[in-house]
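Open the model in a viewer and colour it by chain. The stops below give one selection at a time, with a note on what is there.

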Protein chains: 2
Amino acid sequence: MPEIQVVLVNPLYEGNVGSVARVMKNFGYTHLALVDPCPLRNEARAMASHAQDVLENARRVTLDEVLAESAVVVATTGEVAKSVCTPTRMPYYTPHELKEMIADVDGTVSVLFGRENSGLLNEELSRAGIICTIPTSPIYPILNLSHAVGIVCYELADLQRGEYALASPFEMESLYAHMDRFLDLVDHPPHKREITLLLARRLLSRAMPTIREASTIHGILRRTEQRLTGALPRNDDDTCPPKGT
Amino acid sequence: MPEIQVVLVNPLYEGNVGSVARVMKNFGYTHLALVDPCPLRNEARAMASHAQDVLENARRVTLDEVLAESAVVVATTGEVAKSVCTPTRMPYYTPHELKEMIADVDGTVSVLFGRENSGLLNEELSRAGIICTIPTSPIYPILNLSHAVGIVCYELADLQRGEYALASPFEMESLYAHMDRFLDLVDHPPHKREITLLLARRLLSRAMPTIREASTIHGILRRTEQRLTGALPRNDDDTCPPKGT
């Protein structure tokens, strides 16, 4: 992926600029450029929170400079054209589509965001190679500036969530086999067995248990079996270490 | 899709509550519930902007009431467990995964968001059926409350962008044929023709021209042909009505 630069054109409210700095950093982006911004004082710093560095390093630039240094310039707008006959805001792409489109770009992709009250001027939009819009509801289509930047950064970064250990197919089969033996022990009718085990398989499969969850079920079955057969009690409901160790 | 309710648990800053109301409405959501909120005054109203209705209709509820009225309760957290051995925040799903998981739910899905400084308490998280987290950058993993709500609403709503008229396959073939005739007119070498037309086809195909763009190219080729052959000038570069009509 190319380097992403967020460019705010003539932002009017310093609180929004601070919020933009914060949400950029939330998605790992630190290159902020400002074209003719409002003064940035305490409110910008307050909203930026732990993104003071992004705010302080924000470059003051002109649109000409942005064009000269960028491989691609994207302009965002909350108002798109209705017809192909007005090409200033046409065609337009969602942030998700944008991510795919710029994947192979070498260099900087600058994404322009306009004024809070009026967006980008036609002459600013005309300088962009790609128009981007976030689909919103007709009941209130215009997003706050920092919310719009947040969603674009969220889509472009496309960060993955952490991984965690799901029970393996082997462990799941072992659990279904355990359930089968348990159902024998409680005299579950054999003619209903197949369908009962199928329901268990279907329910648990789609729930995708973690190793902990699967072993907890094993543990509860075992505990119950021990009570039923009068075997010596064991306290090993699952494989995780007890609290306090 | 089920009805979505956004639940803020003990929000501390009225400006955030106002921003939440706004970004909810941006994605068509109007059901906001508040558990033990801070007082909402002028700053909440200022940030809510044209979402005064969402703010004013926000219900004051307890967590017990939310559980009683919801088919599914989702708790969001910025801090997830590292191991399956700590199940309070495990397993966890992204907003995108959440959308798929709740697609067939009948009734209300309540999505809980915690305090700005400390999130949700373990006892609050324990009452949820699904844990949701927005993957963020390790350089600054905690999102502002309204930015988090915005991204979850954006994903759950999954609104589509508008459609616009792309040039049809027939129109594109007609364009390539026109280019071929044009290249004859300018004595483009026949042995290079196939590959030149292939490059044009590949470039234009992936650019997916609109009807307007395709007809503009036709018009420019025609205009040039007229100059080359001395034919009478015509001003019909494309199919869209001229400005002013």
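A polar contact is a pair of N or O atoms within 3.5 Å, where, within protein, one atom must be able to donate a hydrogen and the other to accept it. The model is a predicted one, and by this rule 24 residue pairs are in polar contact across the interface of chain A and chain B, both residues at pLDDT 80 or more.

Stop 1: Helix 7 of chain A gives the most, with 6 residues. By residue type, this side of chain A divides into 27 nonpolar, 17 polar and 8 charged.

**Stop 2: the whole contact.** Now show both partners: 52 residues from chain A meet 52 residues from chain B. About 4300 Å² is buried between the two chains, with carbon and sulfur atoms giving 63% of that area. Pick out Tyr140(A), His147(A) and Tyr154(A), which supply 17% of the area that chain A buries against chain B, more than any other three residues.

**Stop 3: salt bridges.** How many salt bridges are there between chain A and chain B? The count is 2. For one salt bridge, select Glu97(A) and Arg161(B), whose side chains meet at 2.8 Å, N to O.

Over all chains, the whole structure has 20 salt bridges. Within chain A, select Lys99(A) and Asp158(A), a salt bridge with its closest N and O atoms 3.3 Å apart. Lys99(A) is in helix 5 of chain A and Asp158(A) in the loop between helix 7 and helix 8 (169–185) of chain A, so the pair ties together parts 59 residues apart in sequence.

**Stop 4: the sheet of chain A.** Seven strands form an open sheet with parallel pairing, in the order 3-2-1-6-4-7-5. Strand 3 (59–60) and strand 5 of chain A are at the edges with a single partner strand each, so one side of each has no neighbour in the sheet.

Inside chain A, select strand 4 (residues 72–76) and strand 7 (residues 130–132), which pair in the parallel sense over 3 bridges. Val74(A) has Ile130(A) in strand 7 of chain A as its bridge partner.

**Stop 5: the domains.** Finally, colour chain A by domain: domain 1 covers 3–156 and domain 2 covers 169–239. The C-alpha centres of these two domains of chain A are 54 Å apart.

Terms used:
Residues are numbered from 1 along each chain as its sequence is written. Chains are lettered from A and ligands numbered from 1 in the order in which they are written. This is a predicted model: local features need pLDDT of at least 70, side-chain atom pairs count only at pLDDT 80 or more; totals for chains, interfaces and linings use all residues. Side-chain values use heavy atoms; hydrogens and water are left out. Contact means heavy atoms within 4.5 Å. Buried area is the accessible area (1.4 Å probe) that two parts lose on being put together, summed over both. A salt bridge is a side-chain nitrogen of Lys or Arg within 4 Å of a carboxyl oxygen of Asp or Glu. A polar contact is a pair of N or O atoms within 3.5 Å; within protein, one must be able to donate a hydrogen and the other to accept it, and residues adjacent in sequence count only if both atoms are side-chain atoms. Helices (H or I, at least four residues) and strands (E, at least two) are DSSP runs, numbered from the N terminus. Ala, Val, Leu, Ile, Met, Phe, Trp, Tyr, Cys and Pro count as nonpolar, Asp, Glu, Lys and Arg as charged, and the others, Gly among them, as polar. Domain bounds come from an automatic or database domain assignment. Two strands pair if DSSP finds at least two bridges between them.
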